[in-house]
Amino acid sequence: MKQKAAKKGIGYGGKSLKQMLVERERIYQETGFYYGLEDLPLQTEDPFRLELLHERLLAAALAGRETTRMVSASPQVRETAELAVVLYTPEGDCIVQSTGLLIHIPIIGHVLRWMIGQDYEEEEGINDGDCFTSNDVAIAGMHTADVYDIQPIFWGGELIGWVGTVIMEAEVGALLPGCMPCDATDRFVDGIKFTAEKSAVNDNHLRSFERKIRLDTRMPDVFLLDRKGALAADIAVRQEMKKIVEEFGVDYYMKAIRELIEIERRTQLERVKRRTVPGKFHSPSTIEVYLANSPVPPHHRVDRITLVPWDFHIKPDGSYSIDFDGTGDWGWHIHNCTPSALEGAVSMILTQTISTTGKANHGTMLTVDMNVPYDTFVNPSSAHLAYCNQFAWPLKGGPKLMVQQSHAFFCRGYVEEVRAGNTMLCAGGGCFCGQDHLGNTEYSFLATEAAGAMGGGAFAIRDGVISEAIFQPDADMGNVEIWELMLPMLWLGRRLMPDSCGYGRYRGAYSLISTWLIYQTPMLALTTGPSAQTAKIYPNMGMFGGYAGPNSFEKVLTNTNSKQLIMEGKPLAHGSYDDGVNDLEQNIEGDLLVETRNGQWLCIAEDGDIVQSFYGGTTAGFGDPIKRDPTLAKKDLDNQLLSIKRCRNMHCIEAKYDEKAEEWVIDEKRTAEMREERRKERLAKAIPTQEWWQQRREELLEGKMPHLIKKMYNESLTKGERWPGEFREFWCLPDRFTFEED
Amino acid sequence: MPEISYSKEVIRDLIEGKLPWSRTKSIISGYKDEDRFDKYVEILQEKVPWSEKILLPLTDELYIVQKGEERVVKCSCGHEFGDYRVNWKLNALTHVRDTEEELQELYPYPGAPEPEYCEIREYYCPDCGALLQVDTVPFGYPVVFDFLPDLDSFYKDWLGRPLPQEKEFKDLSSEFIMKKWLKE
């Protein structure tokens, strides 16, 4: 009988993408080398040619990113550069990445592998000029607002790679306006979804795709223009890629991209061995969710604190292992995490702390192993969760890797690479909806003004950098004038908040505070930004005696007399804070509302009301604060960033202001005395840890702790395998101990 | 590529934050000096007032040192915290910052941590009163063992010079509590 010839696949060499993916995985498992590349023939034969190819690919990704910025419409792209462009192998493995929103690099790869697994090649069809759009976190993603636009790259009829662009959207058509609605507690209401859908053919967006966006989002022009920008970038990169392949030859290209990944895998292992010290690190983290009094479905009205222990192991072979054993339950809220998001967080940290040569790719991540227990907060079992603030934990927990790896750098002597932590995305800003200053009654927007400029933790040899953001290193806060085009608000002030650092021998960065006048709208509903989910429990970010800095807050003043003050030419508020006195409450009359929790409804404001956001990033300090060099403190005093009260209290530094010279003068003698006194005070007030342990153990056994904390521990004691044993052993508790809940 | 190496003076200034920024930046951006660890330890050994050999700088104040056949954690002032595999915080002094006044010092704005839920634990050296670590953790969380180095793998596999008297790579903190504290 005549056998039917096997259908030729669209992948390289006529294989199907599925075949390529299975083969790649099999060979890696069998050999331990990416595509079995025990030898590196291209690098051995002509390392310069390989290097040239890499640089050309990198330049294409970077140029593509700039193209998107210029074509896109939203301030998130134009002003704060919340985007990135990445090149992938046919199997979805990252080859090179642009600068930008680095957290998405491995995640887009997961989307590609999902598409391959779902047989898109056969069922959907993958053709030159197609674009696939995805923002469905049930596949992979960071949150609904981050939209991926992905194009295949063909050569000679065979798919030889993919280019992907990520852009964050400010509005996604969810239950509530803005892209991160805090009350959208399941997937059915958290926004427009593109489940890796074909959105363009022959480089033109499908009309059905555009119609869907027009009807299902509140600001379709912005959403669509961002899609155009992303598609333009993808096309530009694809065209450049074809030039590169033509120049180098397709066979060389395919061998080279695999070799680049294997080289990076080996290099990363070697870097770890040369820069760090092996061993085990530990640090806990929490996520707080307060929905008991929120307008969500009755069965979702739950307050909860979830524990996420972070165990990090640098192994003798140079690989990293991260274990989330002991993590508590997932829940019906928008902050749950997924394994792919955790990979994104790890990739982002490694790219900026150890794999910093511009060659970070899939090979970097091949050296990282993670245990993400199923049916927990970090690996939920339901496919129907809302994920519009999924990055809460990656950007709050992710810095733990930075701090722990820093500890290893410190032990090895590379002190210049050491930095304490900070919550990588502070709250502040928030979702605004209602009517805008142009009369649009379906207005909706998320202001991420300071997200890319929140400031970082201290270094081991210098103070934290003000207005940087490690999750997006080349971003900034954008021009006020551009934000004002999109928001019915006028900026009254944007400044650094005094005393807002984490104290230490080196301090964390000071954080920003913005003050706005609500402008030309009769109704603007406000929520706080649902970001790091820190309220009662601060993150453990300080190093060697440094403290975590303050967290965010928001204030709203309604029913104000601001218009009268303007008419009379009297002072308004600009965000000035001086030892408890602030110009918002001092200068303007009105009804004050203060919120310190993330993701909460504030109120409805109108023309003339005032909103103030403090973007506290909990930027942590390094070292004992009383060992701070007085000249560094003087600099902060002179810049009015540090109050003399805290200079004395936290650093034990005495100084007097010289009115004539207009500067602070350090009293070195008194400073030395104060520091000696502080050491004695410490020894007098502290107790041996054993005594503390006995007291605390009694309290635990008697259940003297808030209900939410008991519930948090009970979840982790029930879910975990290793962590519960460690917890019970430390407190000498019975084998099956759990807390009795009220 | 030529081997990168910096003088002890440069590394000393770098550690102490005294190196000019332009130089520091070039060190951050450049290839790393592979002989850093030994020079680093030599510099630190010269700074401390005691003679035990530093095996690993653990923090800016604490060191793991060779003391006879044991490896112990030692403060720069000379105070010893015991076996490096027992969390040194168990043998330190503890202060929990939980009064409103103490929290206000750190967090003068709305949204300070709540002491019922969050402990800000300060660990001091019992001799010199140096603040060695601040842990900010949920109420009732076990004392955090920040880092247990795998010293033998480090010296044997990564530096190529094994340490004498190999020790099992194991966290002995809970054993220490069971044996010493529970009985008392």
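Visitor: Of the 742 residues of chain A, what share count as buried?
Guide: The share is 58%. Keep in mind that this is a predicted model.

Visitor: How many helices and strands does chain A have?
Guide: Chain A has 21 helices and 25 strands. Its radius of gyration is 27 Å, close to the 27 Å that the globule rule gives for 742 residues, so chain A is as compact as a globular protein of that length.

Visitor: What box do its C-alpha atoms fill?
Guide: Roughly 95 × 60 × 60 Å, taken along the principal axes of chain A.

Visitor: And the contacts? What percentage join residues at least 24 apart?
Guide: In chain A, 75% do. That counts contacts between residues at least 6 apart in sequence.

Visitor: Which domains are assigned in chain A?
Guide: Domain 1 covers 60-254 and domain 2 covers 419-623. Then come domain 3 at 626-679 and domain 4 at 689-730.

Visitor: How many Å apart are the C-alpha centres of domain 1 and domain 2 of chain A?
Guide: They lie 31 Å apart.

Visitor: What about chain B, which domains does it get?
Guide: Domain 1 is 1-47 and domain 2 is 48-176. The C-alpha centres of these two domains of chain B lie 25 Å apart.

Visitor: Let's do helix packing. At what angle do α10 and α12 of chain A pack?
Guide: About 40 degrees, with the axes 9 Å apart. Helix α10(A) is therefore oblique to α12(A). Their crossing is right-handed.

Visitor: Which residues of α10(A) and α12(A) make the contact?
Guide: From α10(A), they include Ala341(A), Leu342(A), Gly344(A) and Ile349(A). From α12(A), they are Pro394(A), Gly398(A), Leu401(A), Met402(A) and Gln405(A).

Visitor: Back to chain B. At what angle do α1 and α3 cross?
Guide: Helix α1 (residues 8-15) and helix α3 (residues 36-47) of chain B cross at roughly 70 degrees. Their axes come within 10 Å. That makes α1(B) roughly perpendicular to α3(B).

Visitor: Which residues meet there, in α1(B) and α3(B)?
Guide: Lys8(B), Ile11(B), Arg12(B) and Ile15(B) are on the α1(B) side. They meet Arg36(B), Lys39(B), Tyr40(B), Glu42(B) and Ile43(B) in α3(B).

Visitor: Where is Tyr35(A) found?
Guide: In the loop between α1 (17-31) and α2 (41-45) of chain A. Tyr35(A) is partly exposed, with 19 other C-beta atoms within 10 Å.

Visitor: And Asp375(A), what is its phi?
Guide: Near 70 degrees, again a positive value in a residue other than glycine. Asp375(A) is in the loop between β11 (368-371) and α12 of chain A.

Visitor: Is Asp375(A) buried or exposed?
Guide: Exposed, because 12 other C-beta atoms lie within 10 Å of Asp375(A), and 12 or fewer counts as exposed.

Visitor: One last residue. Where does Trp692(A) lie?
Guide: In helix α19 (residues 689-701) of chain A. Trp692(A) has 20 C-beta neighbours inside 10 Å, so it counts as buried.

Visitor: Leaving aside neighbours within four places in sequence, which residues is Trp692(A) in contact with?
Guide: Ile687(A) and Thr94(B).

Definitions and conventions. Residues numbered from 1 in each chain as written. Chains lettered and ligands numbered in written order. Predicted model: local features only at pLDDT ≥ 70, side-chain atom pairs only at ≥ 80, totals over all residues. Helix = DSSP H or I, 4+ residues; strand = E, 2+ residues; numbered from the N terminus. Rg over C-alpha atoms; globule rule 2.2 N^0.38 Å. Contact = placed C-beta atoms within 7 Å. Domains from an automatic or database assignment. Axes fitted to C-alpha atoms, helices over the stretch in contact; angles between N-to-C directions. Parallel < 35°, antiparallel > 145°, perpendicular 65-115°, else oblique. Left-handed = near helix turned anticlockwise from the far one by under 90°.
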